[in-house]
Amino acid sequence: MLALLILGLAASTQLAGLDDFERLERIAAQRHGPETAERVRHWRDLLERVADDDERTQIREVNEFFNRMLLYQDDRVTWGQEDFWATPLEALDKGAGDCEDFTIAKYVSLRKLGVPDERLRLFYVVARMGGPGSNITQAHMVLGYFTDPGAEPLVLDNLVTFIEPASRRDDLTPIFSFNSEGLWPDGAERSAADPTARLSRWRRVLEQMDADGIDLNRPITDTQGTE
């Protein structure tokens, strides 16, 4: 019995950072109802299931989860406005989002799985639509994952569901990238600005997540403060 108790305590300590999601599930139920709470529970289950996997598995599972969970829908339909960046909770409530919402949800998930901020960037790009000969383009956002800060990023996208290195995505032309710590014009090696000062929609997302108790600096495998 003592051994079982110790194992149980060890397991609860290992994934102590999941208490963010216990609170978020309660908020979802109170604010939005049982269906949204159920979607948050599925999100939490995903993170718990892949917490001990290697990062390549984690990025694949996170990419597939949100590409499957969310329906692509224009902000004018979802939110009644031209451009709205949603938190993962807001997107899961609607069950839909546009490219920014997919990208933000994947970024938050990987941060909560312990991927450092310097290895993740949200890329604002121009995407060529309709094949190599097409002149049709649209603004788009994808998530870049770096195996190390200086490596070529892998691209997590809601339009192209398989993950490829950026060099193979010649349909995407980067404009700038950002994360919680910096903002980089395409090609820049150093951050040029505070992203929360320059990107008001990003600032609102971070502030709303903070209000909802999602701490990006505390991954779900964090054991601090659990004794």
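Predicted model: local features only at pLDDT ≥ 70, side-chain atom pairs only at ≥ 80, totals over all residues.
The structure contains one cavity of 30 Å³ or more. The volume of the largest cavity is about 50 Å³. Its lining is made up of L24, W43, T87, P88, L89, V108, M209, D212 and I214. Sorted by class, the lining of the largest cavity comprises seven nonpolar residues, one polar residue and one charged residue.

A total of 21 residues line the largest pocket, and F123, P153, A166, P174 and D186 are the ones nearest its centre. Two or more lining residues each are supplied by strand 3 (120-129), strand 4 (136-145), strand 7 (172-178) and strand 8 (183-185). Strand 7 contributes the most to this lining, with five residues. By class, the lining of the largest pocket consists of 14 nonpolar, three polar and four charged residues.

For the second largest pocket, the volume is about 230 Å³. The second largest pocket is lined by 14 residues, and those closest to its centre are D74, E82, D83, D98 and E100. Helix 5 (75-78), helix 7 (99-112) and strand 4 are the elements that each provide two or more residues to this lining. Strand 4 accounts for the largest share, three residues. The lining of the second largest pocket includes seven charged residues, together with five nonpolar and two polar ones.

Note on methods: Residues numbered from 1 in each chain as written. Heavy atoms only, no water. 1 Å grid on protein atoms, 1.4 Å probe; cavity = no way out; pocket = protein on both sides within 12 Å on 5 of 7 lines; lining within 4 Å. Points joined across faces, edges and corners; volume = space filled by probe spheres on them. Nonpolar A, V, L, I, M, F, W, Y, C, P; charged D, E, K, R; others polar. Helix = DSSP H or I, 4+ residues; strand = E, 2+ residues; numbered from the N terminus.
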